[in-house]
Amino acid sequence: MTIAAKEYDFHAARLRLERKTKSAGEKLTTLEKAAALVKDGDLLAIGGCLYSRTPLALLWALLRRRPRDLTLARNLMSYEGEWAMVAGAAKKVITAWMGIGLPWGLSRIQREYVEQGKVEFEEWSHLALGLRFRAAAMGVPFLPSLTMLGSDLMGVGGSKTIECPYTGRTLHAVPALFPDVALIHVHRADRTGNGQIDGYPHMDADLARAATTVIMTAEEIVSEDQIRRHPDRTVIPGFAVDALVHVPYGSYPHECYALYDSEPSHFTTYVDGIKARGAAGVADYLDRYVYAPASHADYIALFDERTRRDAVDRARMLTS
Amino acid sequence: MSAPRSTVTANELLAVMGARALKDDTTVFAGVGAPLMAAALAQRTHAPTLTMVIEGGIVGPAFKPGELPISTNEMRTAYRAQMLPGITDAFLLAQRGFLDVGFIGGAQIDRFGNLNTSAIGGYDRPAVRLPGTGGANDIISLCREVMILTVHEKRRFSERVDFVTSPGYLTGGDARRDSGLLFGGVSRMVTTLGVFDFEPESRRMRLIALHRGATVDDVQANTGFEVLVSNDLHTTEPPTDKELTLLRTLDPKRQFIG
């Protein structure tokens, strides 16, 4: 396979960014308006990692718009990838790994959709995908690396090697990945989009620099003064952010470091639905959790309050 | 004093043997399950100055007994860690040369230590699509040495893997180095039957030790190709009570040790 030039064309990506306004003004909007910035056919980079700090509220709002032909790029893809496949929203997935975790086994949806050719599945090593976003964040077409060399993964995305101009060694020229849109969930931001993340940073800061359009949700909107008192904590500059939405529990039932734990029992119920009825299990889940609730708050209310309180308690215990 | 063999689970055996291979004053790249148990056990026995690096971008985690992580990036993995550098930067520590040992497993393994966790029966329209490499390819490409921990089942050991997700010695001999992989390679493989290395010239899998109760015939019968056998074949010491007690203290609900 060969990589689409759009993914690594640093020149075109830079011109797209130069044409954009880079405002230090108000970014706050609604989930619906933020999700409307995604167009059919876009390449979306999804922040967080696996079931950690996944921008689930944004994905929830996006899927309700019934998008089509999206390419989803995420370092480790959890069941949001299954949602997009079953909802008919994804034509391609770019990732290093897909599933929830060992206790839940192989993703039956990934198996069905890839084995039957219903979705294109492009696999990169975890570091290589990280370097693809990092190269884009740096505005260069590739980064040299020693990873993936010699493996059959080199042929999957159409990777090329280069001879090092200094040492003559063979290096993997890991191509940049410039997404159209990045979806990111953070702990706190001011209303102009300066974003702060607690705990493990995953790849979000690179995603925010790599994408043309950045859509962000935050657990908490704080004053500009509070950001200015702790600027060392800011990892996403406000001028890079196009839309910001205040969404408490914006990753739930995935985890958000120090704020709430994930809900493995909910994952088990979800996977049980797939074991019983395959893709129809996911379709039923989407009907109940994504399409039916009138608002994101209504979606969150489908999880009982005590369960959510326990998730908060566990997070406190694990980070103190 | 050793515990009765029958009471030792597959993952306990792999964790104990993996732990014993780790040295003090070194670093290890470990995933969840048996590798993480091995590293945690080594720290609690002979290697207190061993540092773990975890794929989720976590350096020096402590782990809370009874709260071991399911994934490499969650609060249980980061519990009382020393540093949270992010995923890309954690792997770059390995590319720089800071990681002495990496642990990996695989669905399909061949005689040259190549592993497949991508697809059985062709990449584009596979018979079985597997989850993918995750960080396994990076670990095997970038750590100074790599140890494979796996259950020994015939279906896992094929003459050739269908897809090289994680390169061992590729087609043997110098093929790995010739591909541009200047560092590392698989130094050990611990299975539920024994311990293997890769013969230095041909780079073919070679049995160097059997766990107590296992035979060369067992190994050959459960491997889909001819395994070399070292002239110096020995028998491993079974897990001790102390090792098993430490593992069971870490995982009292037996979520990971089985």
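Begin by selecting helix H7 (residues 126-138) of chain A, which lies across S7 and S9 of chain A and runs at about 145 degrees to S7(A). Helices (H or I, at least four residues) and strands (E, at least two) are DSSP runs, numbered from the N terminus. Contact requires that the C-beta atoms of two residues, placed from the backbone, lie within 7 Å. Axes are lines fitted to C-alpha atoms, for helices over the stretch in contact, and angles run from 0 to 180 degrees between N-to-C directions.

The model is predicted: local features need pLDDT of at least 70, side-chain atom pairs count only at pLDDT 80 or more, and totals for chains, interfaces and linings use all residues. Residues are numbered from 1 along each chain as its sequence is written, while chains are lettered from A and ligands numbered from 1 in the order in which they are written.

Next, select the strands of the open three-stranded sheet of chain A, whose order is S7-S9-S8 with antiparallel pairing. Its edge strands are S7 and strand S8 (160-163) of chain A, each of which pairs on one side only. Pairing here requires that DSSP find at least two bridges between two strands. On average, neighbouring strands of this sheet are turned by 40 degrees against each other, direction ignored. Between S8(A) and strand S9 (residues 170-175) of chain A there are four bridges, in the antiparallel sense.

**Two residues with positive phi**

Move to the loop between strand S7 (142-145) and helix H8 (153-156) of chain A, where Met148(A) is found. Its phi is near 75 degrees, a positive value in a residue other than glycine. Met148(A) is buried, with 29 other C-beta atoms within 10 Å. A residue is buried if 20 or more other C-beta atoms lie within 10 Å of its own, exposed if 12 or fewer, and partly exposed in between, with C-beta atoms placed from the backbone.

Then select His202(A), in the loop between strand S11 (195-196) and helix H9 (204-210) of chain A. Phi of His202(A) is near 50 degrees, again positive in a residue other than glycine. His202(A) is buried, with 29 other C-beta atoms within 10 Å.

**A cis peptide bond**

Continue to Pro253(A), in the loop between strand S14 (243-246) and H11 of chain A. The peptide bond from Tyr252(A) to Pro253(A) is cis, with omega near 10 degrees. Most residues other than glycine have a negative phi, and most peptide bonds are trans.

**Strand S2(A)**

Which residues of strand S2 (residues 70-73) of chain A are buried on each face? Leu70(A) and Leu72(A) are buried on one side, and Thr71(A) and Ala73(A) on the other. Strand S1 (residues 43-46) of chain A pairs with S2(A) in the parallel sense over three bridges, and Leu43(A) stands opposite Thr71(A).

**Helix packing around H12(A)**

Select helix H5 (residues 79-86) and helix H12 (residues 279-291) of chain A, which pack at an angle of about 95 degrees with their axes 10 Å apart. H5(A) is therefore roughly perpendicular to H12(A). Angles under 35 degrees count as roughly parallel, over 145 as roughly antiparallel, 65 to 115 as roughly perpendicular and the rest as oblique. The residues making this contact are Glu82(A), Trp83(A) and Val86(A) from H5(A), with Ala279(A), Val282(A), Ala283(A) and Leu286(A) from H12(A).

**Chain B and its contact with chain A**

Finally, turn to chain B, which has seven helices and 13 strands. Buried residues make up 55% of its 258 residues. Select the side that touches chain A: 48 residues of chain B are in contact with 55 residues of chain A. Helix H3 (87-96), strand S8 (128-129) and helix H4 (136-142) of chain B each supply at least two residues of that side.

End at Asp197(B), in strand S11 (residues 194-198) of chain B. With 19 C-beta neighbours inside 10 Å, Asp197(B) counts as partly exposed. Leaving aside neighbours within four places in sequence, Asp197(B) is in contact with Ser187(B), Arg188(B), Arg206(B) and Ile208(B).
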